[in-house]
Structures are given as C-alpha cells and as structure tokens.
Amino acid sequence: MKRERQFEVMRTVAMFFIVVYHCLTHGVGSDVFSTHSPVSMTNILFSDFLLVFSSISVNLYVMVSGYFLADLEFKLSRVVRTWVQACFYSCVITILMMSLGLAPFSIVSLGKSFFPLSTDAYWFVTQFIGLMILSPFLALLVRQLSYKQFVWLLIGGAFICLAIIPDFPLGKRYHVAHGNSVWSFAYLFMIAGFIRHHLQKISKAKLLTAIVLVTILTMACEFYFGYHHEFVTLYWFNYNGLPFILSVLVFVLVRQIRVPELGFWNVLVKLAPYSFGVYLIHDQLMVREWLWSNIPLTSFCDQLVYPLVVLGLCVLIFISCAFVDAFKKILFAWLGIDKLILKVDRLSFTHEC
C-alpha cells in the first residue's frame, strides 16, 4: 500500500517533537520553572506549548501505523525488523560509548544491551512490538465490526484506557493511565481504523477551532494540576487525557490535508523512513544520559535565546541521527540483512488471517 505524503510528513514532525519532548523533560526538567526562579513567563509558556504538542507525538506515531496496518496483510518481518533495529543500536551504541570512555565499562550493562526489549530500555519499542503482534487480530475487528459495534467498542475502550484527570475514569486501575502501554496503543490502533473506515470528512475550520481550544485547555490544566510546592510540573498529562483528544483531532486534520510536492515538504517526506532510527539513537540509555548531562540547557532558561537554543538543538539532534540511520540502512542492505529478515514471512500465518 502506497504511503500518503501527509502521513509521511506527520511521522517526521512527530519524531522531531519527540526529540523536543526529551529535550525538555530530560534536558531542561521542570525544576527550573520555580515560582521563585528568574525564568520569564514567556519561556515557561513556550515550554508548556511545546510539551503539549510533544506529548501527542507518540499517539500520532502509533495512529499512523494503525491507520495502515488495519488494511495491510500481516508480515512477521515487520516485527523482526523492528526488533533487529532496536538490538543493533542498543548493542553498537553501548560498545561505542564504553570504548570511547563516554560510559563506564560494565559487563552487566553490556549484557543487557543485547536484550533491550526485555529490559524495557526502549519502552516504546517494547509496547509497539506488542501492538504489531496483536495487529492482525485488531485489523480483523476493524474490518468486520459494523459502525454501531465499532462506536460501542470505542466508548467502552475509553473507560478502560483514558484518564482525563487522575484516577478518572479507570485508566489508572488498568495500568494505562499514562498512555504508554500496549493497551493504549491498541486503542489508538482501533481509533485509527475507525477513522479510516467510518469517519467522514470534517470541516477544517471546525477541527482547527477544536485544536486551539483543547490546546489552551491543556496548557491551563498543566499549570493547574502541575503546580506543586512552588514548582510547575509541565508534563503532568504524559500521553493521555487531553493530549489524547488533541492527538485524535490533529490526526483527523492531517488526514484531510494534501501535501504539495515542493522542496521543504519533499525533505520531510524523505526523512520519514529514518524517523524511527532517530528515536533509537538519541534515546538510547547511555546516549540519553551523556547527551543531556553535557548540554547546559538550564543556563539558557532565563534568556531570550532559550526558544532558539531548544529548537536549534533538537533540529541538530534529529538531522545527525537521521544521517546515522541512513548509513545503517546502507550497511544493512550491503550485508543482506533486510533480505534475510524477509524470509521469516514464510513462518507467518498470513493466509489464515
């Protein structure tokens, strides 16, 4: 199935905002936004705005996958390829970091690097592979449920997966309150499938109005619920609650947009295949610790250049990681790893599904 350009652009932009999210949460942190700190309200609002849109990026990335997997034939190679990429970067980066003296040598850490999914070193990959394993059965539901059945399924799923405020309705009780579990991903998959098969076009003006209103409400709630002991915790919602609603609105809007075949947009489309590699590289545990401990972001928080520093740094990280992943793809092709991975499809149960 041919990828649609607007979704390729969204994959690239979503991964960029995931880098921004990590920059603000791991690099800056919320402790600097104290009521007694010299940080200007402009920089606090800028950070909060970025975090609101960064927090929907994981949902968007999952929904893009669900949107297409719902109508695609299941292939075991997709699962294996994701696992191989995660293991490759986990092992190679660990060995390099230790060899260069950027991380202390540890036989335990080296051993764990060969099992990144079992150790949850990449929490997203662990949950995403779970989703891909479930995907052929979820796809069956998407294709077979009637409109009415689908609506009731999504309503029931909302009570299980969503947590609009802490402990309500039931998200925390099912351990999906933060929106980063395989069950949350499965719910996003079903929403994407519903949008693909049943949702009619909605006025772009109405969608934009709803996006603006939910964004403002989310930022206000972040301040209200995140204000504790004279500090503003700017990432209280994680990926659930209002950001969940916002991600669905943005997804529906992007679905109706047609991306022009022009220079900048073409670049974003071409970067999409490397976006997953960007995550695997910059958020590898040793890279994360080294990267954010060696960049003095907090020293810029009270300065006018703070927005430029954050965005500029994230662009640099994204482009650097994309370049490395492009080299990895060439290496895999040269070694014949991709062809080898495709052979596992003989073991799949495609025809039964």
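**Exercise 1. Is helix 12 (residues 275–282) largely enclosed by the rest of the structure or exposed, and why?**

The model is predicted, so local features need pLDDT of at least 70 and side-chain atom pairs count only at pLDDT 80 or more, while totals for chains, interfaces and linings use all residues. Residues are numbered from 1 along each chain as its sequence is written, and side-chain values use heavy atoms, with hydrogens and water left out.

Step 1. Helices (H or I, at least four residues) and strands (E, at least two) are DSSP runs, numbered from the N terminus. Buried means under 20% relative accessible area, exposed over 50%, and partly exposed in between, with a 1.4 Å probe and protein chains only.

Step 2. List the buried residues of helix 12: S275, F276, G277, V278, Y279, L280, I281 and H282.

Step 3. Conclude. Eight of the eight residues are buried, so helix 12 is largely enclosed by the rest of the structure.

**Exercise 2. Classify E289 and L145 as buried or exposed.**

Step 1. Locate the residues. E289 belongs to helix 13 (residues 285–294), whereas L145 sits in the loop between helix 6 and helix 7 (147–161).

Step 2. Apply the cut-offs. E289 has a relative accessible area of 62% and is exposed. L145, with 19%, is buried.

**Exercise 3. Which residues touch the most other members of the largest nonpolar core?**

Step 1. Define the core: a set of buried Ala, Val, Leu, Ile, Met, Phe, Trp, Tyr and Cys residues joined through side-chain atoms within 4.5 Å.

Step 2. Read off the members. The largest core has 99 residues, and F124, V125, F189 and F251 touch the most other members. Helix 1 (residues 5–28) gives the most to this core, with 12 residues.

Step 3. Follow F124. Its contacts (heavy atoms within 4.5 Å), leaving aside neighbours within four places in sequence, are V58, Y61, V62, F185, F276 and Y279.

Step 4. In soluble globular proteins, nonpolar side chains tend to be buried together.

**Exercise 4. Which residues line the largest cavity?**

Step 1. Define a cavity: on a 1 Å grid over the protein atoms alone, it is a set of points where a 1.4 Å probe fits but cannot get out, and lining residues have an atom within 4 Å of a point. Points are joined across faces, edges and corners, and the volume is the space filled by probe spheres set on them.

Step 2. Count and size. There are three cavities of 30 Å³ or more, and about 110 Å³ of space lies in the largest cavity.

Step 3. Name the lining: M15, I18, Y21, H22, S54, V58, Y61, W123, F124, Y239 and Y279. Helix 1, helix 3 (57–69) and helix 6 (123–144) are the elements that give two or more residues. Helix 1 gives the most, with four residues.

Step 4. Sort by class. Ala, Val, Leu, Ile, Met, Phe, Trp, Tyr, Cys and Pro count as nonpolar, Asp, Glu, Lys and Arg as charged, and the others, Gly among them, as polar. The lining has nine nonpolar, two polar and no charged residues.

**Exercise 5. Which residues does H198 touch, not counting residues up to four places away in sequence?**

Step 1. List its contacts: L145, S146, Y147 and F150.

Step 2. Compare sequence with space. H198 and F150 are 48 residues apart in sequence, and their C-alpha atoms are 9.1 Å apart.

Terms used. 1 Å grid on protein atoms, 1.4 Å probe; cavity = no way out; pocket = protein on both sides within 12 Å on 5 of 7 lines; lining within 4 Å.
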